[in-house]
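I opened this entry to go through a sheet and a ligand site. My notes are in the order in which I looked things up.

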Amino acid sequence: MQQTSGDSVISLDARRQQLKQWMHNCRAGTLALFETVDETTFCHQAHAEFSPVGWHLGHIGYTESLWLLERQAGIKLFPEYRRLFVADGLPKSQRGNLPPLAEIKEYLNTIRNNVFQRLETLDLEQEERLWRWLLQHESQHSETIAFVLQLQRWYAQAPVGASWQLFNARQANFMVNPAPTEVASDINSDTICIQAGESIQGSDTIDALDNERSQHLVNLDTYFIDRYPVTCGQYRRFIEARGYENSTWWSQAGWRWLQTEGVTKPLYWSDDTRWDDRPVCGVSWYEAQAYARFVGKRLPTEAEWEKAACWDVGAKCRRTYPWGEDFPTEKHCNHDNAVSQTTPVNAYPAGQSAYGCYDMLGNVWEWTSTLFDGYQGFASYPYPGYSQVYFDAQHYVLKGGSWATRPWALRSSFRNWYHPGVRQILAGFRCVTL
Ligand code: AVJ
Ligand code: FE
């Protein structure tokens, strides 16, 4: 199957330097998130599903030392931190008893110095996949830190009934955008026909995680997918039509979930109509599915989503990103905390896919109807707990990344997964016509 990444053509030494630069940039972005975090916020568990942000920071360091120092070179630094920061150690509710931020930063620095020292002399050919995995591991925890901080500030400071986006905009020290610049009048009804035929799913490049492999052919029937993610303006009609009070639109499991949670609108919802062209954000899989039914549509399968995102039907080849092979920048999509909130769904024409879909990467994650599972020939890496233990028919695949996704975890083949009832993540969705 064809290679879609040019990585292998650059020299080993250039790859060493690039890796170092990436790890440095990734860490700078992670630490930037903590600039205004006080010790209380650092240790606080905002929600039962998620650990305190300070724990994520320590876990980033611990994981780096485990895989790049201990496993590869027998270097065991700070063994006393293992119990606290190992992934399968303490339950999430007991991860709040943390050393202060300054101490954890020191911990991370010491590990990083040792790691970079190794990088100068090691056989990179041998370890490259592992190092790139580590970069993506930090990227993912960095995103979790970003949305947990938003969530926590919202819970802690928002006046009752306040608008999420206005609050969020203030946090980000961002002007509320009063009027969208170019509102496409067809945002609400624009669908794209994806003709029946073969396409390529997954990835075998060095960055590909275990769950993205192996790259394989898929053959889909013709379908019609939304050009844009579902917007707040569209979703409002579901709320106003009392969609949350009408079991017609909900699956049995979804309706049960709704009764338990008492939810009446998306988590990150604003009544301010100036946000109507932003994608809906903070919905569970159940809400996404109910909305799709309400408008006579359905959620895309992962394969449908991926074909619309990265298949170039003219050239009969797969792209790494919707726009091609260029590493993501601010002009392609809303990611990497550059804006720290959602943007209008038509704001990034340079990021369109070959089929003309917008916002396939960045802005909000998109729920699919696909249960998370391994592709044929799946081989777990670097440990079964990374992906394989979640092949339990309890998690749905999300695609595309959000405004907080770091560029190293952003690509069309990337697979995220969560329980269908989770809505604290930065997730929306788009629909496929029935
Ligand atoms: C893929 C984002 C669901 O954060 O639980 C981090 C990624 N796995 N450390 C998570 C992950 C191990 C994972 N998600
Ligand atoms: Fe982890």
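The notes below take the ligand site and then the sheet.

I am working from a predicted model.

**Ligand site.** I then looked up how much of ligand 1 the protein covers: ligand 1 alone exposes 350 Å², and 82% of that is buried by the protein.

I checked polar contacts next. His141 has a polar side-chain atom 3.0 Å from a nitrogen atom of ligand 1. For His137, a polar side-chain atom lies 3.2 Å from a nitrogen atom of ligand 1.

I looked at the pocket list, and the largest pocket is the space that ligand 1 takes.

I read an open sheet of 4 strands in the order 10-9-8-11, and its pairing is mixed. Why is one side of strand 10 and of strand 11 left without a neighbour in the sheet? Strand 10 (416–418) and strand 11 (427–428) are at the edges and each has a single partner strand, so one side of each lacks a neighbour there.

I followed strand 11 to its partner. Strand 8 (residues 365–371) pairs with strand 11 in the parallel sense, over 2 bridges. I noted Trp365 opposite Ala427 of strand 11.

Key: Residues are numbered from 1 along each chain as its sequence is written. Chains are lettered from A and ligands numbered from 1 in the order in which they are written. This is a predicted model: local features need pLDDT of at least 70, side-chain atom pairs count only at pLDDT 80 or more; totals for chains, interfaces and linings use all residues. Side-chain values use heavy atoms; hydrogens and water are left out. Two strands pair if DSSP finds at least two bridges between them. A polar contact is a pair of N or O atoms within 3.5 Å; within protein, one must be able to donate a hydrogen and the other to accept it, and residues adjacent in sequence count only if both atoms are side-chain atoms. Accessible areas come from the Shrake-Rupley method with a 1.4 Å probe; for residues, only the protein chains shown count as cover. On a 1 Å grid over the protein atoms alone, a cavity is a set of points where a 1.4 Å probe fits but cannot get out, and a pocket is an open set with protein on both sides within 12 Å along at least five of seven lines; lining residues have an atom within 4 Å of a point. A molecule sits in a cavity or pocket if more than half of its atoms lie within 2 Å of its grid points.
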